[in-house]
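My notes follow in the order of looking.

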Amino acid sequence: MRVSVIGGSTVTDEQYQQAREVGRNLAERGHDVVCGGLSGVMEAVCRGASEADGHTIGILPGKRRAAANDYVETAIATGLGNARNVLVVMNGAAVIAVDGGTGTLSELGHALDMGRPVAGLGTHRLDGGDAIEHVDTPAEAVEYVESAVQ
């Protein structure tokens with residue numbers, strides 16, 4: 001399955017390591033990673049997946065595929081800016097969010113609108129129930145999205 005991983009482009013060392021572990025766990029379990037293809041969480045998740053021989057897809061905001069981080073295997077240039085956030089979410093069967101700012105918040109909104117299961121690691125909390133399954137570890141995030149996709 002393809003899993004979209006979203007999060008901040010600027011992260012702490014701890015957040016980077018969490019995202020890297022998410023990527024590694026996804027790849028070890030046979031899943032492909034979809035992300036925004038740039039820095040921070042996006043780089044870390046692709047790095048972790050690459051280290052476990054996983055497939056990574058970066059959906060970039062600009063027109064240059066070469067702008068992708070070094071761990072993106074398949075770079076897709078869109079020229080759409082932040083409007084590409086819809087495509088990042090749409091191309092995964094589920095979403096894992098690590099940290100994140102306003103771009104991540106918009107992706108969470110799109111994910112919920114599309115009915116995608118969402119696991120959150122230290123990300124936004126939204127009022128209104130159980131829309132995001134907040135978890136404590138990268139392994140729990142992967143386990144949740146696997147169990148939630150039918």
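I began with serine 4, which I found in strand β1 (strands are DSSP E runs of at least two residues and helices H or I runs of at least four, numbered from the N terminus). This is a predicted model, in which local features need pLDDT of at least 70 and side-chain atom pairs count only at pLDDT 80 or more, while totals for chains, interfaces and linings use all residues. Residues are numbered from 1 along each chain as its sequence is written, and side-chain values use heavy atoms, with hydrogens and water left out.

Is serine 4 buried or exposed? I noted serine 4 as buried because its relative accessible area is 0% (buried is under 20%, exposed over 50%, partly exposed in between, with a 1.4 Å probe and protein chains only). A polar atom of the serine 4 side chain lies 3.3 Å from the backbone nitrogen of glycine 92. Beyond neighbours within four places in sequence, I listed the contacts of serine 4 (heavy atoms within 4.5 Å), among them Val34, Val88, Gly92 and Ile96.

Next I took the strand itself. β1 covers residues 2-7, and five of its six residues are buried. β1 pairs in the parallel sense with β2 (residues 32-35) over three bridges; pairing requires at least two DSSP bridges between two strands. Valine 3 stands opposite valine 33 in β2. On the other pairing, five bridges join β1 to β5 (residues 94-98), again parallel, and isoleucine 6 has alanine 97 of β5 as its bridge partner.

I then turned to the cores (buried Ala, Val, Leu, Ile, Met, Phe, Trp, Tyr and Cys residues joined through side-chain atoms within 4.5 Å). The largest has 28 residues, of which Val5, Val22, Leu26, Val45 and Ile96 touch the most other members. Helix α2 (41-51) gives the most to this core, with six residues. Valine 22 touches Val5, Val45, Ile96, Leu121, Pro138 and Val142, not counting residues up to four places away in sequence. A second, separate core of twelve residues includes Val88, Val89, Leu108 and Ala111.

Last, I checked alanine 68, in the loop between β3 (56-60) and β4 (74-77). Alanine 68 counts as buried because its relative accessibility is 14%. Leaving out residues up to four places away in sequence, alanine 68 touches Gly37, Leu60 and Ala75. I also noted 8.7 Å between the C-alpha atoms of alanine 68 and glutamate 43, which are 25 residues apart along the chain.

Definitions and conventions:
Polar contact = N/O pair within 3.5 Å; in protein donor to acceptor, adjacent residues only side chain to side chain.
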